[in-house]
Amino acid sequence: MSQTMITAEPGVQSVTISREIAAPPELVYRAYVDPELIPRWWGPRYLTTTIEKQEPRLGGQWRYIQRDPAGNTHGFHGVYHLVEEGRQTVRTFEYEGVPGHVSLETVRFEPSAGGTRVVTTAVFQSLEDRDGMMASGMEFGVNEGFEQLEELLQELGS
């Protein structure tokens, strides 16, 4: 398994997350946009993810709902601004538990010697928003999500 790199430079309103994945870019991209695959890897293992809407196209909307073991729900949504199949997506990201704090998220799927380097850059409206995301425990969810993604890609025969 690869290591996830999370970078949040002081004074910069963005977070960059990168990880090497042992699968071709087309397959990794598919796992990111296919509504049947996303619930199998998105977020921490203890949460169940349901896809309410997933329209990976210019102007398309997305909405995912996560449920914890106690039945509490957490919604996330946004709009796609760019979709280049197999290469990158750009979309807004908003956690419904803290409305009004929208980030712009770019995910690139770069071919690498080992398969694909996934690079996500999230740009926040303020340093406070960025720092709030960092303090939310997002690192745990990101790492578990990547672990599940790698498990799924192995199962799909990467």
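**Figure legends: close-up views of a predicted model**

**Figure 1. Ser 18, a buried residue of strand S2.** Ser 18 has a relative accessibility of 10% and is therefore classed as buried, the limit being under 20%. In this predicted model, the residue belongs to strand S2, which covers residues 14-21.

**Figure 2. Ser 112 and its side-chain partner Glu 20.** Strand S7, formed by residues 102-112, contains Ser 112. Its relative accessibility is 25%, so Ser 112 is assigned to the partly exposed class. When neighbours within four places in sequence are set aside, the contacts of Ser 112 are with Glu 20 and Arg 117. With Glu 20 the link is made through the side chains, as a polar contact of 2.7 Å. The view also takes in Pro 24, which stands 88 residues from Ser 112 along the chain, with 8.7 Å between the two C-alpha atoms.

Figure 3. Val 90 is located in strand S6, made up of residues 88-95. A relative accessibility of 12% places Val 90 in the buried class, because that class holds values under 20%. Residues up to four places away in sequence being left out, Val 90 touches Val 79, Tyr 80, His 81 and Leu 82, and also Leu 104, Glu 105 and Thr 106. Ser 103 is 13 residues from Val 90 in sequence, and their C-alpha atoms are 11 Å apart.

**Figure 4. Pro 99 in the loop between S6 and S7.** The loop that runs between strands S6 and S7 includes Pro 99. This proline counts as exposed because its relative accessibility is 59%, where the class requires over 50%. Between the C-alpha atoms of Pro 99 and Phe 76 the separation is 9.7 Å, for a distance of 23 residues along the chain.

**Figure 5. Helix H1 and its buried residues.** The buried set consists of Pro 25, Leu 27, Val 28, Tyr 29, Ala 31, Tyr 32 and Val 33.

**Figure 6. The protein chain as context for the close-up views.** The protein chain comprises 3 helices and 8 strands, arranged along the sequence as β-β-α-β-β-β-β-β-β-α-α. Its radius of gyration is 15 Å, in agreement with the value near 15 Å that a compact globule of 158 residues would have. Along the principal axes, the C-alpha atoms occupy a box of roughly 40 × 35 × 30 Å. Of the 158 residues, 44% are buried. Among contacts with a separation of 6 or more, 45% are between residues 24 or more positions apart. The accessible surface amounts to about 8300 Å², and carbon and sulfur atoms contribute 51% of this area. The chain carries 13 positive and 23 negative charges, whose mean positions lie 3 Å apart.

Definitions and conventions. Residues numbered from 1 in each chain as written. Predicted model: local features only at pLDDT ≥ 70, side-chain atom pairs only at ≥ 80, totals over all residues. Heavy atoms only, no water. Helix = DSSP H or I, 4+ residues; strand = E, 2+ residues; numbered from the N terminus. Buried < 20%, exposed > 50% of the residue type's maximum accessible area, 1.4 Å probe, protein only. Contact = heavy atoms within 4.5 Å. Polar contact = N/O pair within 3.5 Å; in protein donor to acceptor, adjacent residues only side chain to side chain. Rg over C-alpha atoms; globule rule 2.2 N^0.38 Å. Areas by Shrake-Rupley, 256 points an atom, 1.4 Å probe, with all protein chains shown as cover. Lys, Arg positive; Asp, Glu negative; His and termini not counted. Charge placed at Lys NZ, Arg CZ, Asp CG, Glu CD.
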